[in-house]
Amino acid sequence: MSDRFDTGMKTRREVLGDAHVDRAEANKTDFDLAFQTLITEGAWGTVWSSDGISRRERSMITLALLAATGNFEEIPMHIRATARTGASTRDVLEAFQHVAIYAGVPRANHALKLAKATYAEMEAASDD
């Protein structure tokens, strides 16, 4: 594998956690190997590994973009990642308020519902 892949895997583990990455890696097949490599090198090895902005800011941007484009399925994963990136619940709320104004209230509302449910799951898990 490339240096960018190795950097991406390190960053991916730091942001999403070992358990998430281990599950994703265990589910990887020959069919999606090239796609998984692309994501690891491009998203994690280039974008998320850049020191141009903080991981906190990157979390906020990512959540806002996911909500604005209606890609809701990844919002819970990125809400869980905020525990590692430093984005606070206030940061997430602010990002989704921007979504409401610039991309639509229904998308922001749905993203907020997902965030609330995910934060509740995180809270319950921390009580165990």
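## Where α1 meets α3

Which residues in α1 meet which residues in α3? This is a predicted model, and here is what it gives for that pair. From α1 come Arg4, Phe5, Thr7, Gly8, Met9, Thr11, Arg12, Val15 and Leu16. Facing them from α3 are Gln36, Thr37, Thr40, Glu41, Trp44, Gly45 and Thr46. Sort that contact by class and you get five nonpolar, eight polar and three charged residues.

As for geometry, the α1 and α3 axes come within 7 Å and cross at roughly 75°. Angles of 65 to 115 degrees count as roughly perpendicular, so that is the label for α1 and α3.

## The α5 and α7 pair

Next up is α5 with helix α7, which covers residues 105-127. Their axes come within 9 Å, with a crossing angle of roughly 50°. That makes α5 and α7 oblique to each other, and α5 goes past α7 in a right-handed crossing.

On the α5 side, the contact uses Ile75, Pro76, Ile79, Arg80, Thr82 and Ala83. On the α7 side, look for Ala111, Leu114, Ala115, Thr118, Tyr119, Glu121 and Met122. The tally for this contact is nine nonpolar, two polar and two charged residues.

## The α4 and α6 pair

How far apart are the axes of α4 and helix α6, and at what angle do they pack? The axes are 9 Å apart and the angle is about 40°; α6 runs over residues 89-102. The crossing of α4 past α6 is right-handed.

Arg56, Met60, Leu63, Ala64, Ala67 and Ala68 are the α4 residues here, and they meet Asp91, Val92, Ala95, Phe96 and Val99 of α6. There are nine nonpolar residues in this contact, two charged ones and no polar ones.

## The largest pocket

Now for the open space. The largest pocket holds about 370 Å³. It has 16 lining residues, and the ones closest to the pocket centre are Ile39, Trp44, Glu74, Met77 and His78.

The top contributor is α3, with five residues. By class, the lining of the largest pocket splits into 10 nonpolar, four polar and two charged residues.

## The second largest pocket

The second largest pocket comes in at about 220 Å³. Around it you'll find Leu16, Gly17, Ala19, His20, Arg23, Met77, Arg80, Ala81, Ala83, Arg84 and Met122. Both α2 (18-27) and α5 supply at least two residues of this lining, and α5 gives the most, with five.

Technical notes. Residues are numbered from 1 along each chain as its sequence is written. This is a predicted model: local features need pLDDT of at least 70, side-chain atom pairs count only at pLDDT 80 or more; totals for chains, interfaces and linings use all residues. Side-chain values use heavy atoms; hydrogens and water are left out. On a 1 Å grid over the protein atoms alone, a cavity is a set of points where a 1.4 Å probe fits but cannot get out, and a pocket is an open set with protein on both sides within 12 Å along at least five of seven lines; lining residues have an atom within 4 Å of a point. Grid points are joined across faces, edges and corners, and a volume is the space filled by probe spheres set on the points. Helices (H or I, at least four residues) and strands (E, at least two) are DSSP runs, numbered from the N terminus. Ala, Val, Leu, Ile, Met, Phe, Trp, Tyr, Cys and Pro count as nonpolar, Asp, Glu, Lys and Arg as charged, and the others, Gly among them, as polar. Axes are lines fitted to C-alpha atoms, for helices over the stretch in contact, and angles run from 0 to 180 degrees between N-to-C directions. Angles under 35 degrees count as roughly parallel, over 145 as roughly antiparallel, 65 to 115 as roughly perpendicular and the rest as oblique. A crossing is left-handed if the near helix is turned anticlockwise from the far one by less than a right angle, and right-handed if clockwise. Contact means heavy atoms within 4.5 Å.
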